[in-house]
Amino acid sequence: MKRNLLPAALLLSVLVLTGMGLVMTYSGSAFVTRDPWFFAKRQWAYAAAAALGMAVAVVVPVGVYRRAAYPLYALALGVLVLVLVPGVGHSVRGAARWLRLGPVHVQGGELLKMALVCFLAMSLAKKGPKMLLFRVGIVPHLLLPGVAVALLLAEPDFGTAVLAVAVTGALLFVGGARAAYLVGLLVLAVPLGLHAITSSPYRLRRLVAFLDPWSHRQGAGYQVVESLIALGSGKLGGTGVGHGTAKLHFLPDAHTDFVLALIGQEWGFIGVSVAVLCFVTIAVAGFGVAARQTDPFCRYLAAGLTTTLVLQAVINVFVTLGIVPTKGMGLPFVSYGGSSLLVSCWMAGMLLQLALRGTTPNQ
């Protein structure tokens, strides 16, 4: 993709996805509450704040993130600790993921995504050639991100924990860590991941249901089955916006985790293809921005931001299609949720800033 097209491609993709999200939030939630506009009005307010945040992020010099990388990560860890404090954290369905600030609920895992990328970009840039050493390139990036992963699992937020591990591994690879070390860590992570799943009855049920969701249609496989039915019923052009049936108490979380299934039913294969194409565009443009950076911090920052946004989308799409077990992870820019939309748009603004400034960062 040509360099002068990168900012426009990024911005257009984000706007299309956010617009789809605003439409589908109303369509998917109008039957959930007495006020059909309850969630839609909140998402429109979040979108206005997110647009302002993205505009601010475009003009914030990269040097600000360089200097704030470690304090921002410490702040994210602090929020993850606070959400676990009874009376401070807000729980939904047994998961304590939100920090209540008056009428606003801040999701600690969302803040961590951006903070982790800034922290890793700064750490990798500082270490440079020393990344080849295990005690320098691997150990610090096991300990500090490991603390965040442990806190996420305590909430529990298994999906964001998996995302944090994957982003850390990807940036270590980009940063020059030895492949042998990374392969060894991957081999070690597999049994640890299996233990995390099998030690939790809830996660184990989801894994069993994933292997054969139709046999568990009335139990843990219910969401996946209804998601596949919704996708299949949309065919090529969909039933039309507002005319889907999955949201009529058949598919739970139709405006959040499974919004893509609702898009598939109401917009059809065409609508799903548009959403996927937007994320492919973000991936191509974002990694293109990273490849053009001469400053190591900026290169790792762009690569980390792109990986975080795109990988989260891939996981959500795979869950919707039943390719991976169900986990609570929304579709960036599209799923309902203020914290997710605000952080996703801010990260997109950071990418736009790097794309517009070229290869020479503002200090």
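Predicted model: local features only at pLDDT ≥ 70, side-chain atom pairs only at ≥ 80, totals over all residues.
A search of the whole structure turns up 2 cavities of 30 Å³ or more, along with 7 aromatic pairs. The largest nonpolar core takes in 97 residues. On the backbone side, there's a cis peptide bond between Glu155 and Pro156, and Lys235 has a positive phi, as does Phe333.

**The largest cavity**

- The largest cavity comes out at about 50 Å³ in volume.
- Its lining is made up of Leu112, Lys113, Leu116, Thr160, Leu163, Ala164, Val167 and Thr308.
- By residue type, that lining splits into 5 nonpolar, 2 polar and 1 charged.
- Two helices, H4 (108-127) and H6 (158-174), each put at least two residues into the lining.
- H6 is the top contributor to the lining of the largest cavity, with 4 residues.

**Lys113, a lysine in the lining**

- Lys113 sits in helix H4 and is one of the residues lining the largest cavity.
- Is Lys113 buried or exposed? Its relative accessibility is 6%, and the cut-off for buried is under 20%, so Lys113 counts as buried.
- Skipping residues up to four places away in sequence, Lys113 touches Thr160, Leu163, Thr308 and Gln312.

**The nonpolar core**

- As a bit of background, nonpolar side chains in soluble globular proteins tend to be buried together.
- Which residues have the most contacts inside the 97-residue core? Those are Leu301 and Phe333.
- Helix H10 (residues 259-291) gives the most to this core, supplying 14 residues.
- If you set aside neighbours within four places in sequence, Leu301 is in contact with Val62, Val117, Cys118, Ala121, Met350 and Leu354.
- Phe333 has a relative accessible area of 1%, so Phe333 is buried.

**Aromatic pairs**

- A ring pair is described by the distance of the centres and the angle of the planes.
- There are 7 aromatic pairs in the whole structure, and one of them is Tyr26 with Trp37: the centres are 4.2 Å apart and the planes are at 25 degrees, so this pair is stacked.
- Tyr26 belongs to helix H1 (residues 6-29), while Trp37 is in the loop between H1 and helix H2 (38-59), so the pair ties together parts that are 11 residues apart in sequence.
- Phe38 is partly exposed at 36% relative accessible area, whereas Phe39 counts as buried at 16%.
- Phe38, Phe39, Tyr46 and Tyr336 together form one aromatic cluster.

**Backbone spots to look at**

- For context, most residues other than glycine have a negative phi, and most peptide bonds are trans.
- The bond joining Glu155 and Pro156 is cis, with omega at about 0 degrees.
- Pro156 is placed in the loop between helix H5 (134-154) and H6.
- Lys235 has a phi near 50 degrees, a positive value in a residue other than glycine.
- You'll find Lys235 in the loop between helix H9 (222-234) and H10, and with 66% relative accessibility Lys235 counts as exposed.
- Phe333 has a phi near 75 degrees, again positive in a residue other than glycine.
- Where is Phe333 placed? Phe333 is in the loop between helix H11 (296-321) and helix H12 (338-357).

**Gly240 in the H9-H10 loop**

- Gly240 is located in the loop between H9 and H10, which is also where Lys235 is found.
- At 22% relative accessibility, Gly240 counts as partly exposed.
- The C-alpha atoms of Gly240 and Leu22 are separated by 15 Å, and these two residues are 218 residues apart along the chain.

How values were computed: Residues numbered from 1 in each chain as written. Heavy atoms only, no water. 1 Å grid on protein atoms, 1.4 Å probe; cavity = no way out; pocket = protein on both sides within 12 Å on 5 of 7 lines; lining within 4 Å. Points joined across faces, edges and corners; volume = space filled by probe spheres on them. Nonpolar A, V, L, I, M, F, W, Y, C, P; charged D, E, K, R; others polar. Buried < 20%, exposed > 50% of the residue type's maximum accessible area, 1.4 Å probe, protein only. Contact = heavy atoms within 4.5 Å. Core = buried A, V, L, I, M, F, W, Y, C linked by side-chain atoms within 4.5 Å. Phe/Tyr/Trp six-rings, centres within 6.5 Å; stacked < 30°, edge-to-face > 60°.
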